[in-house]
Amino acid sequence: VTEVFTPAGHWSSYPSHRHDEDDFPRITYLEETYYHRLNPASGFGVQRVYTEDGTLDECMAVHDGDVVLVPRGHHPCGAPYGFEMYYLNVMAGPRRNWRFLPDPAVKWIIDKDG
């Protein structure tokens with residue numbers, strides 16, 4: 001369980017990453033849910049859930065009180081200017097380890113900043 005505070009105009013769960021395979025220590029399988037809160041409550045955020053092969057690619061507006069299930073794939077969140085985003089994030093799987101793989105399209109960001 002984690003809490004994430006995303007300031008207005010910023011991204012979280014980014015660079016995009018996934019943890020949808022059971023191949024420890026390279027990656028762990030963890031299902032994930034996001035319980036979103038927005039400030040002000042009338043605001044919105046965005047969450048994209050997608051796979052590299054495109055079999056899953058959903059981008060949705062999230063509102064105060066929304067819950068998003070991430071069945072697989074990458075899952076970044078964005079808070080537009082003017083709206084602060086908070087989410088309670090719950091992960092569950094067969095191991096109590098968190099190993100993820102970044103989306104190859106954004107791995108350069110981790111390499112640059114890491």
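Biologist: How many positive and negative side chains does the protein chain have, and how far apart do the centres of the two sets lie?

Modeller: In this predicted model, the protein chain carries 10 positive and 17 negative side chains, and the centres of those two sets lie 6 Å apart. As for the surface, the protein chain exposes about 6,700 Å², of which carbon and sulfur atoms supply 56%.

Biologist: What pattern does the protein chain follow when it is read along the sequence?

Modeller: The pattern is β-β-β-β-β-β-β-β-β-β-β-β-α, which amounts to 12 strands and one helix. The radius of gyration of the protein chain is 14 Å, close to the 13 Å that the globule rule gives for 114 residues, so the chain is as compact as a globular protein of that length. Along its principal axes the C-alpha trace spans about 40 × 30 × 25 Å, and buried residues make up 38% of the 114 residues. Among contacts with a separation of 6 or more, 74% are between residues 24 or more positions apart.

Biologist: Which residues of strand E6 are on the covered face, and which are on the uncovered one?

Modeller: The general idea is that in a regular strand the side chains alternate between the two faces of the sheet. In strand E6, residues 31-39, the covered face holds Glu32, Tyr34, His36 and Leu38, while Glu31, Thr33, Tyr35, Arg37 and Asn39 are on the uncovered face.

Biologist: In which sense do E6 and strand E11 pair?

Modeller: E6 and E11, the latter comprising residues 84-92, pair in the antiparallel sense over nine bridges, with His36 standing opposite Tyr87 in E11. E6 is also joined by four bridges to strand E9, residues 67-70, and these two run antiparallel; here Tyr34 stands opposite Val68 in E9.

Biologist: How many bridges join strand E7 to strand E8?

Modeller: Seven bridges join E7, residues 44-50, to E8, residues 57-63, and the two strands run antiparallel. They form a hairpin with six residues between them, and Gly54 in the turn has a positive phi of about 80°.

Biologist: Where is the peptide bond cis?

Modeller: The bond from Tyr14 to Pro15 is cis, with omega near 0°, and Pro15 is found in the loop between strand E2 (10-12) and strand E3 (17-18). The bond from Phe24 to Pro25 is cis as well, with omega near 10°, and Pro25 is found in the loop between strand E4 (20-23) and strand E5 (27-29).

Biologist: What does Val4 touch, not counting residues up to four places away in sequence?

Modeller: Val4, whose place is in strand E1, residues 2-6, touches Ser12, Met85, Tyr86 and Tyr87 on that count. Val4 and Leu88 are 84 residues apart in sequence, yet 6.6 Å apart in space, C-alpha to C-alpha. The relative accessible area of Val4 is 22%, so this residue is partly exposed.

Conventions. Residues numbered from 1 in each chain as written. Predicted model: local features only at pLDDT ≥ 70, side-chain atom pairs only at ≥ 80, totals over all residues. Heavy atoms only, no water. Pairing = 2+ DSSP bridges. Rg over C-alpha atoms; globule rule 2.2 N^0.38 Å. Buried < 20%, exposed > 50% of the residue type's maximum accessible area, 1.4 Å probe, protein only. Contact = heavy atoms within 4.5 Å. Areas by Shrake-Rupley, 256 points an atom, 1.4 Å probe, with all protein chains shown as cover. Lys, Arg positive; Asp, Glu negative; His and termini not counted. Charge placed at Lys NZ, Arg CZ, Asp CG, Glu CD.
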